[in-house]
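Come along with me, entry by entry.

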Amino acid sequence: MKPVRRVEGRIAVLDRADVDTDQIMPKQFIKRIDRTGYGESIFFEWAKKPDFELNRPEARGASILVVGRNFGCGSSREHAVWGLQDAGFEAVVAPSFGDIFRMNCLKIGLLPVVLPEEDVRALMNLGSGAALVVDLEEQTIGPFGFELDPYERQRLLEGLDDIALTLRREDEIAAFEAARPSPISTATL
Amino acid sequence: MPCVRLQATLGAETPAEPVADGHNARMGSTLFDRVWEAHVVEEPPGEPALLYVDLHLVHEVTSAQAFDGLRLAGRQVRRPDLTLATMDHNVPTDERPPDSLARAQLEALRRNCEEFGVPLFATGSGREGIVHIIGPELGLTQPGLTVVCGDSHTSTHGAFGALAFPIGTSEVEHVLATQTLPQHRPDTMLLDLSGDLPFGVTAKDVILGVIGRIGVAGGIGHVIEYAGEVIRGLSMEGRMTICNMSIEAGARAGIVAPDDTTFAFLEGRPAVPKGAEWERALDRWRALASDPDATYDRIVEIDVRELAPQVSWGTNPGMVVPVDGVVPDPATFADPCDRENAERALTYMALEPGTSIQDIQVDRVFIGSCTNARLEDLRNAARVVAGKRVAPSVRALVVPGSAGVKRQAEDEGLDRIFEAAGFEWRRAGCSMCLGMNADVLQPGERCASTSNRNFEGRQGRGGRTHLVSPETAAATALAGRFVDVRELALEPVA
């Protein structure tokens, strides 16, 4: 994962609540087995409509997506966050996120910023195309501060590979397995 | 209009006692606490807990990139014997071959399982099925285990008192490589369901009613423990239906304390211990309940005595009304954000406020999915359609949840009942729940579906989904419009 420290760019506003990952990345695109190239498929059906918020010229080239509550609810498909990142987004700002979506963001280094609803509203009022700076080190976004779990923050700042970190705990995992043998096995079915 | 308004507080919600010092051992433990604590490998200060995973279920759609990641880093699957793969999302349920992308994805799973030594229940093996149906069917899903899968409906397995949560592909790779996951401890919610379930009202109606009440964001960050007399009275199939849709309320997971119903379901299944081991397992499992003085971060109480069969009218699973109700008027929604969502949903669904639900005609009926494609679901639907005919304007589909369910149903003659009534009887798979195979709605088609999501385009681009129980779906297929199953002359389920 590439380290995430500071996102300096323009915002795109999608003032909708409960946007599910089926909308962000429809089913026909999650049949692919590659990890890249999902950017052009985001919001595939909505994007066909000329008046879709992200089709506005001022939303083009934005790197910070500002959205309504419960963004990314529904399916666990990581393809949704791959697509957003591939389309140039480096941070997503919302009053709340679907849990799996938020975790997927953290895993790939797409910064999920949770703000109180009034702060999200204030950012939305700036309108798509407005310039904004998100600073993870300072934990600020424009004029606002934001919270992120210190461990996740550090991981993002350093771009740490989660799996490598866990593999360093091989001894602890092996000890756990020795103390508590698995009650099931899929090998004997 | 602001679409950032937070969910309104519930009328029926009791503010839980403040849990100032987190999860102090001196306080009563919840079922969740017990399962969580038994799986913490390590919890260094300031870091998430490293949680051990007992069972990792894998399918074709969310695993290919994870296996690629292992290959790139030269890593192995740490515990293939705790991993099981199946083919479900993409597989054809009839004679039509999979499209080239689907075939490549299924092939990739086969190759990956071979290379990394992961047991695979492939299409045509007679053992395949929807990942959340086969885990319980095999008896792999057991009380007190941790279960993960790269699929949001992993919450299904919580019905057994397992801590079962969905993960993304990066986490799939993590579990493949380490058999563990770093996890932040979620909050807990007790959902206490009291009252006698009225005739014709099913587990599906309960969970749709719950989501209607707490909202699709109501469970964010929480593990929901379902408790109360309603849960105790439900079969394992019903409990699975409820836990399955926890994710639709935004929850991390759903969990139910195991009891004799659970043990009776599990006994004799292939992966379940036998003899003295079985007795020892029972002793362990009986201890898996929340203490009477356990504390939760949130408590919601719902009385089901007035609950009616539910039908969704919109484009998320919280948009539900009783079958004897009408399509709501967005103008009546207090929250501007809900109002806007409702307006958008009604446009997509081509519905007018005030329309009686029972006046809405459907083109398609889908009985299937990890929510409602177990044997009991098929029996209940078959009971409604036996000796009757699907309305001429309706195309209706039954897709068993697994090859095993299909065999059992055929042994009981359910396939013949469905086919005689004009239903198509298909092979196992996720099918029209998400329309990754050829089973899709055409643009504008309206479907009564026993699945879990009515999102825009979920069952096919431009398709309009109404979520219902298997009984309601079956009755709707016959009438060509939504039906109140409480008015049918059926024998109550024993």
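**Entry 1: after a helix.** Which residue just after H12(B) takes a positive phi? I found B:Gly387 there, with a phi of about 75 degrees. I kept in mind that this is a predicted model.

**Entry 2: helix H12 of chain B.** I stayed with this helix, which covers residues 375-385. Is H12(B) mostly covered or mostly open? I noted that eight of its eleven residues are buried, so to speak mostly covered by the rest of the model. The buried ones are B:Leu375, B:Asp377, B:Leu378, B:Asn380, B:Ala381, B:Ala382, B:Val384 and B:Val385. Next I looked up what they pack against in chain B. The helices on that list are H8 (236-244), H13 (403-412), H14 (414-421) and H15 (470-479). The strands are S16 (364-367) and S17 (395-398).

**Entry 3: the nonpolar cores.** The largest nonpolar core has 158 residues, and B:Val365 and B:Val385 touch the most other members. Helix H6 of chain B, residues 203-214, gives this core its largest share, seven residues. I then listed the contacts of B:Val385, leaving out residues up to four places away in sequence. Its partners are B:Ile417, B:Phe418, B:Ala421, B:Ala474, B:Ala477 and B:Leu478. There is also a second, separate core of 47 residues, with A:Ile11, A:Tyr38, A:Ala80 and A:Val81 among its members.

**Entry 4: a sheet in chain B.** In what order do the five strands of this open sheet run? I wrote down S6-S5-S4-S7-S8, with parallel pairing. Strand S6 (120-121) and strand S8 (163-166) stand at the edges with a single partner strand each, so one side of each has no neighbour in the sheet. I zoomed in on one edge. S5(B) and S6(B) pair over two bridges, in the parallel sense. B:Ala85 has B:Leu120 of S6(B) as its bridge partner.

**Entry 5: chain A.** I counted seven helices and seven strands in this chain. Along the sequence, the pattern reads β-α-β-α-β-α-β-α-β-β-β-α-α-α. The C-alpha atoms fill a box of roughly 60 × 40 × 25 Å along the principal axes. Chain A has 189 residues, and 46% of them count as buried. I also checked contacts between residues at least 6 apart in sequence: 74% of them join residues at least 24 apart.

Entry 6: Chain B has a mean pLDDT of 94, and 94% of its residues reach 70 or more. For the complex, the predictor gives an ipTM of 0.98 and a pTM of 0.96.

Note on methods: Residues are numbered from 1 along each chain as its sequence is written. Chains are lettered from A and ligands numbered from 1 in the order in which they are written. This is a predicted model: local features need pLDDT of at least 70, side-chain atom pairs count only at pLDDT 80 or more; totals for chains, interfaces and linings use all residues. Helices (H or I, at least four residues) and strands (E, at least two) are DSSP runs, numbered from the N terminus. A residue is buried if 20 or more other C-beta atoms lie within 10 Å of its own, exposed if 12 or fewer, and partly exposed in between; C-beta atoms are placed from the backbone. Two residues are in contact if their C-beta atoms, placed from the backbone, lie within 7 Å. Two strands pair if DSSP finds at least two bridges between them. A nonpolar core is a set of buried Ala, Val, Leu, Ile, Met, Phe, Trp, Tyr and Cys residues joined through C-beta atoms within 7 Å. pLDDT is the predictor's confidence in each residue, from 0 to 100.
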